[in-house]
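Open the model in your viewer and keep the selection tool at hand. The stops below say what to pick next and what is there.

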Amino acid sequence: MSAELTVGVIGAGRVGAVLAAALEAAGHHVVAASGVSAAAKHRIRTLLPGAVNLPADEVARAAADLLVIAVPDDALAGVVTGLAATGALRPGQVVAHTSGAHGLAVLAPAAAVGARPLALHPAMTFTGTPADLDRLPGISYGVTAADAGVRELAAALVADLGGSPEWIAEDRRALYHAGLAHGANHLVTLVNEAADRLRDAGVLNPEKVLGPLLTAALENALKMGDAAITGPVSRGDAGTVARHVRELAHTAPDSLPAYVALARRTADRAIATGRLRATDAEPLLGVLADSTAAAAGHVGLGEAAK
């Protein structure tokens, strides 16, 4: 464990409260947290019983060693600017945020008053409940730090949390976060879209059907990369895809643009890796091109499904 730190957290949301509780469990002392909503107050009571609920500026003053700011991305700059302007930050204090999209630039007002900036993003989805604590060991953290001392501290904190650091350059933070959001957030949307279409087809328990299939697909994708691609697109089955398009256009037209976009991207990757020959892909690509135009309203849906 690293040296015990006195910690405060601004924003007792799903991420902030859980991360602070994990730091407390690792031997650090979380003395204060800020939370206004009923949900945030409940998280402080249940996850951080030893912390006092204080306004943000008072939390910053109480956090002698480490201040964690876990607020929504678009609110982060305003919070940091306000803390610096009110004199709540001090030289030598480490000020860390948990945003994946932001790096150190958003912490410039804190650095200007002598605080040491740190971007520390846990690559995990959170519910804001004690169950999250069991998911933290083994996860990665996207870390950006300017100087060697803060990098050393960040590495120690991540080790305390049972994680692994991924050092992200300042100008790659948005790309890093886009990769995570594209994978995790869009996965949730994709799974729920699939479940809805199965319900439309009369499946009573789509979760039971999808569970084994999607688990295997995810495991294979992580292990095998594009070699895990299967299904009608990878085989160039234009007729099957055309039937999909026709049925989606009739039953769930809002799902059609996403289906077509993902099918086209799947085809591109299958062609690039040699799993689908370009000549075999031509009829399929024609169906997808017509369907893209139909989804955009340029031609009739019936014409696209021919």
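Start with Arg43, which is buried but forms no salt bridge. This is a predicted model, and in it the nearest side chain of opposite charge is that of Asp132, 7.4 Å away. Arg43 belongs to helix α2, residues 38-47. Show its surroundings: leaving aside neighbours within four places in sequence, Arg43 is in contact with Ala12, Gly13, Arg14, Ala17, Leu48 and Gly128.

Next, colour by pLDDT. The protein averages 94, and 95% of the residues score at least 70. Then select residues 298-306, where the pLDDT is below 50. Beyond near neighbours in sequence, this stretch has 14 contacts in the model. Where pLDDT is low, the predicted coordinates should not be read in detail.

Now turn to the sheet. What is the order of its strands? The sheet is open and has 8 strands, running β3-β2-β1-β4-β5-β6-β7-β8 with mixed pairing. Select β3 (52-53) and β8 (164-167) to see the edge strands, each of which pairs on one side only. Then pick β1 (residues 6-10) and β4 (residues 66-69): these two strands run parallel and are joined by 4 bridges. Within this pair, Val7 stands opposite Leu66 of β4.

Stay on Leu66. Not counting residues up to four places away in sequence, Leu66 touches Leu5, Thr6, Val7, Gly8, Leu23, Val94, Ala96 and Leu157. Leu66 also sits in the largest nonpolar core, which has 36 residues. Which members of that core touch the most other members? They are Leu48, Leu66, Leu118 and Tyr141; Leu48 is also one of the contacts of Arg43. To see the helix that gives the most to this core, select α1 (residues 14-25), which supplies 7 residues. There is a second, separate core of 20 residues, including Ile10, Ala60, Ala63 and Leu107.

Finish at Ala70, in the loop between β4 and α4 (73-85). Is Ala70 buried or exposed? Ala70 counts as buried because its relative accessibility is 12%, and the cut-off for buried is under 20%. Leaving out residues up to four places away in sequence, Ala70 touches Ile10, Gly11, Gly16 and Thr98; Ile10 is among the members of the second core.

Key. Residues numbered from 1 in each chain as written. Predicted model: local features only at pLDDT ≥ 70, side-chain atom pairs only at ≥ 80, totals over all residues. Heavy atoms only, no water. pLDDT = per-residue confidence, 0-100. Contact = heavy atoms within 4.5 Å. Pairing = 2+ DSSP bridges. Buried < 20%, exposed > 50% of the residue type's maximum accessible area, 1.4 Å probe, protein only. Lys, Arg positive; Asp, Glu negative; His and termini not counted. Salt bridge = Lys/Arg side-chain N within 4 Å of Asp/Glu carboxyl O. Core = buried A, V, L, I, M, F, W, Y, C linked by side-chain atoms within 4.5 Å.
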